[in-house]
Amino acid sequence: MKAIVIHTAKDLRVEECAVEKPGPGEVEIRLAAGGICGSDLHYYNHGGFGTVRLKEPMILGHEVSGHVAALGEGVSDLAIGDLVAVSPSRPCGACDYCLKGLPNHCFHMRFYGSAMPFPHIQGAFRERLVAKASQCVKAEGLSAGEAAMAEPLSVTLHATRRAGEMLGKRVLVTGCGPIGTLSILAARRAGAAEIVAADLSERALGFARAVGADRTVNLSEDRDGLVPFSENKGTFDVLYECSGAQPALVAGIQALRPRGVIVQLGLGGDMALPMMAITAKELDLRGSFRFHEEFATAVKLMQGGLIDVKPLITHTLPLGEALKAFEIASDKGQSMKTQIAFA
């Protein structure tokens with residue numbers, strides 16, 4: 001079978017690799033769709049991010065869906081032909097953090113397409129994928145592309161849980177790529193009363209408006225566009241910081257009300273923080289990393305028509321054009337979410 005393998009920065013290849021057979025409790029999935037994530041782009045463009053660097057060839061991909069092609073022994077809740085969204089979260093279930101109910105912090109997490117450990121955890125961008133049945137959520141009623149969006153949506157559902165009470169809150173989202181726009185959808189579904197989105201790109205802000213932002217601020221046209229929101233000690237109750245950019249975080253902190261909550265999703269490296277403002281306003285700074293149990297909820301929200309991700313899928317290219325797909329995904333001027341069609 002064919003798989004998408006990254007060797008070093010800008011060295012992406014579609015290569016042959018061995019087909020695995022499902023063992024007990026596992027299924028073989030004929031992949032249908034795979035979304036290119038920001039971390040995939042970091043590996044492609046830079047060979048990694050921060051201290052995480054490629055040390056060996058690695059199959060990319062963790063936003064995937066497909067059809068069940070074979071059942072391992074003991075699998076009874078799935079059938080051949082089922083469309084499933086596949087969670088890339090594979091905690092061990094036995095370490096201290098798993099037993100404390102924090103599976104996303106598992107000591108032995110085997111998250112698809114990750115160079116954090118060595119040997120690297122191979123990803124899911126392959127024509128045939130063997131996964132545990134417990135990773136698979138039936139996605140009937142959705143397209144394969146929608147089902148593959150369950151992973152990034154889960155990231156924002158986890159962030160929304162980290163933010164706490166959302167009903168009636170005023171929310172600011174900085175950075176309107178896929179995670180920022182999905183955060184708008186998640187916050188609205190959780191009961192946010194007002195959502196303002198800020199970005200440097202008018203095109204990105206157009207997507208933010210399309211998914212429900214009440215107001216947008218183009219910071220490339222008006223660097224002080226968030227300043228009015230800082231009057232009277234601030235406007236917003238919750239900040240979803242999705243850009244990973246220090247100026248966005250600082251501007252967002254100034255726009256938060258006392259005892260507001262910052263949820264940091266963007267991973268742009270270490271940055272300086274305005275600790276005086278955080279302390280004086282008694283702000284809560286909360287990290288948000290990956291997800292686990294939110295995955296099934298993401299699928300159900302899409303199936304019920306409660307969250308619509310279709311406007312965010314801008315490009316779908318065949319496996320044979322994987323390199324072109326990664327180039328398009330790297331160009332934020334034309335791509336929001338680029339996916340690869342495996343079948």
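In which helix does A147 lie, and which residues does that helix span?

Modeller: A147 lies in helix α3, residues 144-148. Helices here are DSSP runs of H or I with at least four residues, strands are E runs of at least two, and both are numbered from the N terminus. This is a predicted model: local features need pLDDT of at least 70, side-chain atom pairs count only at pLDDT 80 or more, and totals for chains, interfaces and linings use all residues. Residues are numbered from 1 along each chain as its sequence is written, and side-chain values use heavy atoms, with hydrogens and water left out.

Back to A147. Its relative accessible area is 0%, so A147 is buried. Buried means under 20%, exposed means over 50%, and partly exposed is in between, with a 1.4 Å probe and protein chains only. Leaving aside residues up to four places away in sequence, A147 touches S65, A85, A139 and L142. Contact here means heavy atoms within 4.5 Å. L83 is 64 residues from A147 along the chain, with 8.4 Å between their C-alpha atoms.

Compare P311. P311 sits in the loop between α9 (294-303) and β17 (313-318). It counts as partly exposed, because its relative accessibility is 37%. P311 and F107 are 204 residues apart along the chain, and their C-alpha atoms are separated by 36 Å.

Now a helix pair. Two packed helices are described by the angle between their axes and the distance between the axes. Helix α4 (residues 150-163) packs with helix α5 (residues 178-189) at about 55°, axes 9 Å apart. Axes are lines fitted to C-alpha atoms, for helices over the stretch in contact, and angles run from 0 to 180 degrees between N-to-C directions. The pair α4 and α5 is therefore oblique. Angles under 35 degrees count as roughly parallel, over 145 as roughly antiparallel, 65 to 115 as roughly perpendicular, and the rest as oblique. The α4 and α5 crossing is right-handed, that is, the near helix is turned clockwise from the far one by less than a right angle. On the α4 side, the residues in contact are P152, L153, V155, T156, L157 and T160; on the α5 side they are I179, L182, S183, A186 and A187.

Next, charges. There are 16 salt bridges, each a side-chain nitrogen of Lys or Arg within 4 Å of a carboxyl oxygen of Asp or Glu. D11 pairs with R13, closest N and O atoms 2.8 Å apart. E15 also bridges to R13, at 3.7 Å from N to O. D11 is partly exposed at 23%, R13 at 37% and E15 at 24%. Another bridge joins D308 and K310, at 3.0 Å. D308 is partly exposed at 34%, and K310 at 48%. Through shared partners, the bridges link D11, R13 and E15 into one network.

Last, the cysteines. A disulfide is a covalent bond between the sulfur atoms of two cysteines. The cut-off used is a pair of cysteine sulfur atoms within 2.5 Å. The structure holds zero disulfides. C37 is in none, as the nearest cysteine sulfur, in C242, is 13 Å away. C37 is buried at 17%. C95 is buried at 6%. Its closest cysteine sulfur, in C98, is 3.7 Å away, which is too far for a bond.
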